[in-house]
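Please examine the structure shown below before reading on.

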Amino acid sequence: MEPATQNISFLYEFYRLMKQHQVIMMYEGEFSQEITKSVLSMTENSFSTEKVDEAIKKKVYNIMMEALQNICKHEFKNTDESIASGESLFMISSTDKEYQIITGNAIEKKIIDTIKNKIDLVNSLDQEGLKNLYKEARLNSTISAVGGAGLGFIDIARKSANKISYHFNPVNENIYYFTQMVTVTK
Amino acid sequence: MSEAIFSDAAICSYVDFKQKTNKHKFIFSYRGKLSHAIVKNLLAMAEKKIDSFNEEASVKKKIFGVMVNCLQTICADDKAEEAGSSSIFLISKNADGFTIFTGRYLEKTVVDKLQEIIESINQLSRESLSDLYKEKLKELETLNEKFNIDETMLSLIDIAKKTNQKIVYLVEPSSKDDFFFSIKVQIK
């Protein structure tokens, strides 16, 4: 007898939903440096059949690397099964005009403002402004408690040349799920 | 609880999509092309994930064995020069244990054959499955086709033997000549 907890018919709907969003690759689960390497490698393999300019592929790949490293550094590792924060997520979708790189991970509420302010700042600048901000950030950089010089969002914005979209969804009073979408025009 | 904070509506559809998947408690999910190189990566990643759970070694071995069967034969498209349509591979964990779902598009003739195979496998005892596995292994010929039905049959028999559970499957007609074929394997 099939367990009542999991019907199989959702799978086709799930697959169609991904097709609707034009998702070419999606991974959900744990992230670590090793898994980041595997995801990058899988994307490279997936890309091998896409007929796109090499420069665009390189941009996408570099943005992915930054975004995935951000997950590794900042994701809140939920050990309490009663909190349904959801696994970390990486998705790449491909439309006629653009690639969309979507990442998601649980974070602590206390860092929302830091992330939001950084993204709002980079979104308000043009390429020249981003270049100057990058130089300034490098000169003033201090290695944060989790490593890195906080240049990730600036770098992502410069490479994509599009605004970064963000979404913070409350899981409970202390945890939010942070989703980020970066667009690369083909 | 507080409201969501977001920059623009474009991202919201992806957020909704993710929320729909949360209720299934997937611990690992992948949708995309499944070339040989990608399957190798996925197996390594999923193995690490399964290893992180406090399960008996025999359970972990079972799960990994089912995964290998699903990814290397049922889902794989490594015989094509270019990987064909995307497949889907999911693992969830709940009170019943682990569940592995796979799905992909296949031609009607292949789907019909698979249905027949699964229906007959589900009738057999463990001992009969072992005998059938040995018999089919001897008969196995490597075919130069995109989807090898004989290898898939062996994989399905092996899955049934390892899990001692019936294989649940579903066929959904698509708008083309292909059908979406999915299976669910429960590992207690």
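In this predicted model, helix 5 of chain A passes helix 6 of chain A in a left-handed crossing. Helix 5 of chain A covers residues 127–140, and helix 6 of chain A covers residues 152–160. Their axes come within 10 Å and cross at roughly 150 degrees. Because angles over 145 degrees count as roughly antiparallel, helix 5 of chain A is described as roughly antiparallel to helix 6 of chain A.

The residues that form this contact may now be located. Helix 5 of chain A contributes Gln127(A), Leu130(A), Lys131(A), Leu133(A), Tyr134(A) and Ala137(A), while helix 6 of chain A contributes Ile154(A), Asp155(A), Ala157(A) and Arg158(A).

Attention now turns to chain B. How many cavities of 30 Å³ or more does a search of the whole structure find? The search finds 1 such cavity. The largest cavity holds about 30 Å³ of space. Its lining consists of Lys136(B), Glu139(B), Leu140(B), Asp150(B), Met153(B) and Leu154(B). Two elements of chain B each give two or more residues to this lining, namely helix 5 (126–139) and helix 6 (149–163). Helix 6 of chain B supplies the largest share of the lining, with 3 residues.

Technical notes. Residues numbered from 1 in each chain as written. Chains lettered and ligands numbered in written order. Predicted model: local features only at pLDDT ≥ 70, side-chain atom pairs only at ≥ 80, totals over all residues. Heavy atoms only, no water. Axes fitted to C-alpha atoms, helices over the stretch in contact; angles between N-to-C directions. Helix = DSSP H or I, 4+ residues; strand = E, 2+ residues; numbered from the N terminus. Parallel < 35°, antiparallel > 145°, perpendicular 65-115°, else oblique. Left-handed = near helix turned anticlockwise from the far one by under 90°. Contact = heavy atoms within 4.5 Å. 1 Å grid on protein atoms, 1.4 Å probe; cavity = no way out; pocket = protein on both sides within 12 Å on 5 of 7 lines; lining within 4 Å. Points joined across faces, edges and corners; volume = space filled by probe spheres on them.
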